[in-house]
Amino acid sequence: MAELSPQSSAEEIVVHLRSIGSEENRLGMLRYGIKIERALGISHGVQRQIAKKIKRNHERAFELWQTGIMEAQFIASVTADPKRFSAADARRWAATFDSWDIVDGVSDLFVDTDCWRELIAEFAVDEREFVRRTAFAMMAWSVVHRKNEPEATFLDFLSIIEVHATDGRNFVKKAVNWALRSIGKRSMNLHGAALALAQKLAVSTDKTARWVGKDAARELSDAKTLERLARKGSLGRNPLYGGDAFDTR
């Protein structure tokens, strides 16, 4: 089998992916609530290594996406060019989302596009479970990626979080919670606003909102979180995101 390179075609990449798939890994994904019908059982670490090896190729990324294979789609999201990725492209991809892991992986690309705020607003009001999750996964990723974004943007996100904190669907409420916690860890100013919302939700009459609020308030009130904020200042200098993008089920 030829070694993968930037010149590798989508077809060659898929052949390689199929050759390294693991049924044991694939079945193991079920423990994390991941749908495996379209998966080959390849870790995200290996997928990222492949993406690094084949490098960015926007046209090929769309060919990989069209295969419908979960791992090929994740690699597509890493190797597409966010500056050439349109809102229409994002809508088409999001319409096919069927598992939280592909949502969280591809949201990483979406938040690097020029239309990211438009997409968050649009996806948040979409009733489809995984499309709505995308909005909040994008919020969480934007805390990491959009280092120069004004704090006002994230304060606006808090109002969207409050509106949808009552969505009891598991994959939505976990993402709403993730977004709230992430925003609260970006800076001291945002921490106060996020914690205030978390505490408000924690006493809500709605059980989902209470869970979102209590869980977020617990982390945002944690001494280690406060210590990191005080010591490091804003996320722009030192990301505080805890790396749970692929365990937010």
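Let me start with a pair of side chains: arginine 181 and glutamate 219 make a polar contact of 2.9 Å. By polar contact I mean a pair of N or O atoms within 3.5 Å, where within protein one must be able to donate a hydrogen and the other to accept it, and residues adjacent in sequence count only if both atoms are side-chain atoms.

Before going on, this is a predicted model, so to speak of local features we need pLDDT of at least 70, and side-chain atom pairs count only at pLDDT 80 or more, while totals for chains, interfaces and linings use all residues. Residues are numbered from 1 along each chain as its sequence is written, and side-chain values use heavy atoms, with hydrogens and water left out.

Back to arginine 181. This residue is in helix H11; helices here are DSSP runs of H or I, at least four residues, and strands are E runs of at least two, numbered from the N terminus. Arginine 181 is buried, at 9% relative accessibility. Buried means under 20% relative accessible area, exposed over 50%, and partly exposed in between, with a 1.4 Å probe and protein chains only.

Okay, aspartate 167. You'll find this one in the loop between helix H10 (151-164) and helix H11 (170-184). Is aspartate 167 buried or exposed? Buried, with a relative accessible area of 11%. Its side chain makes a polar contact of 2.8 Å with the side chain of arginine 132. Setting aside residues up to four places away in sequence, aspartate 167 touches Arg132, Val172, Lys173 and Thr208, where contact means heavy atoms within 4.5 Å.

Valine 125 sits in the loop between helix H8 (116-124) and helix H9 (129-145), and is exposed, with a relative accessible area of 56%.

Next up, helix H4, residues 58-66. Which residues of H4 are buried? They are His58, Arg60, Ala61, Leu64 and Trp65. Looking down the axis of H4, those buried residues fall within an arc of 155°, so they line one face of the helix; the arc is taken from the directions from the helix axis to the C-beta atoms. What do they pack against? Helix H1 (10-20), helix H3 (44-54), helix H5 (70-79), helix H6 (87-94) and helix H7 (100-110).

Just after H4, glycine 68 has a positive phi of about 80°.

Lysine 55, in the loop between H3 and H4, also has a positive phi, near 65°, and is not a glycine. As background, most residues other than glycine have a negative phi. Lysine 55 is partly exposed, at 49% relative accessible area.

Last stop, the largest pocket. Of the 19 residues lining this pocket, the closest to its centre are Met29, Ile34, Ile42, Ser43 and His44. A pocket, on a 1 Å grid over the protein atoms alone, is an open set of points where a 1.4 Å probe fits, with protein on both sides within 12 Å along at least five of seven lines, and lining residues have an atom within 4 Å of a point. Helix H2 (23-28), H3, H5 and H7 each supply at least two lining residues.
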